[in-house]
Amino acid sequence: MDSPAAPATPALSKSAQKRAEKAERLAATKIERRAKEKAARKEKRRIKAEKRAASELDSADEAEKERKKKKPKLEFGGRVLIDLGFDVKMFDKEINSLCSQLAYTYSANRQASYPFSLICSSVNGRTRDRLEATSDAAYKRWINTEWWEEGYERLWSGNALSTAPGTENEDMPRNSCPETEDGTENIKRSMVYLTADSEEELTELLPHEIYIIGGIVDRNRFKNLPDLSKNLCLDKAKESGIRTACLPIGRYLENLPTRKVLTVNQVFEIMLKWVETRDWETSLYAVIPKRKFLPGGKNGGKEDSAVAPEEDVLTRNEAAAESEAC
Ligand code: SAH
């Protein structure tokens, strides 16, 4: 008997045939497809890496910004001392006003590109009470600011005198000046008491000098007095043997008299602006309120009268300051 014939390859159904053809096609293009897929994955990775790099750059940018914020600002090196030794000469309202001016001063210093080291000397009496009573004695936490109970004589007395309790600021080196006559004279030579009553005009600010601003709000009341002490700051400076200077207002601002009396924070802000721009005109215009330039306005084009009208010394900031707690 014949052995059974090997079964012929069964005829494929149509669909099986299609599947087989497809498998064949796929097999033929497999290498090509794999290559394409690989390229696609590579491209995807590249795009992802690019995005990551961009966002990393963003975060690097952020980190740099943060670092700059934390980094101590560039320092001009100069120091400004606010002489608070006029406490007994002021009314309560004036003391409040002064405290507001101190707060404006501090705030301007914090925002400045080139801040000064600040010292407030002769912190006593009602001024101190007012500072203590404001915002939980926030003044003690002001950075780059020292508070001295002693007067500015401490700068040349060389004694390790006390700082107002709790206000020690280690950032600033103690002024341990030599107690010799020469040492004292050198220190005094580096000090300039700013006052509108000075015959000298400031031409520039120098990093090694200490500029004193009188911490007083008196609306020029004392100009009225017949006695010799009507130029409070000028007289005090002379007595201490310290040079004096006024801001060069008359020289740069038409319509404004040379003896223009400004507030503590205005004087300070003008100084900050000068350090930034090295230009008095820009600095003065930036700070002195525009209304002061109005032709025909009070004192416009005239020498400051001995008794300046109250609103002449009351400025934008001070007016705002008076309505606020310091
Ligand atoms: N009658 C006070 C005026 C106080 S004004 C006095 O005897 O000076 C507050 C302080 O700002 C002044 O003591 C002074 O240090 C400073 N100041 C105001 N106007 C000034 C000006 N034009 N030039 C220089 N300093 C000025």
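Strand 1, which spans residues 79-83, is mostly covered, since 4 of its 5 residues are buried, where buried means under 20% relative accessible area, exposed means over 50%, and partly exposed lies in between (1.4 Å probe, protein chains only). This is a predicted model, in which local features need pLDDT of at least 70 and side-chain atom pairs count only at pLDDT 80 or more, while totals for chains, interfaces and linings use all residues. Residues are numbered from 1 along each chain as its sequence is written, and side-chain values use heavy atoms, with hydrogens and water left out.

Strand 1 pairs in the parallel sense with strand 2 (residues 117-121) over 5 bridges, pairing being assigned if DSSP finds at least two bridges between two strands. Within this pair, Leu 81 has Ile 119 of strand 2 as its bridge partner. To get from strand 1 to strand 2 the chain passes through helix 2 (residues 92-111), and this β-α-β crossover is right-handed, a term for a path from the first strand over the helix to the second that runs clockwise when the strands point away from the viewer.

Strand 1 also runs parallel to strand 5 (residues 210-214), to which 5 bridges join it, and here Val 80 stands opposite Tyr 211.

Turning to the chain as a whole, its secondary structure comes to 11 helices and 6 strands, which are DSSP runs numbered from the N terminus (helices H or I, at least four residues; strands E, at least two). Of the 326 residues in the chain, 41% count as buried.
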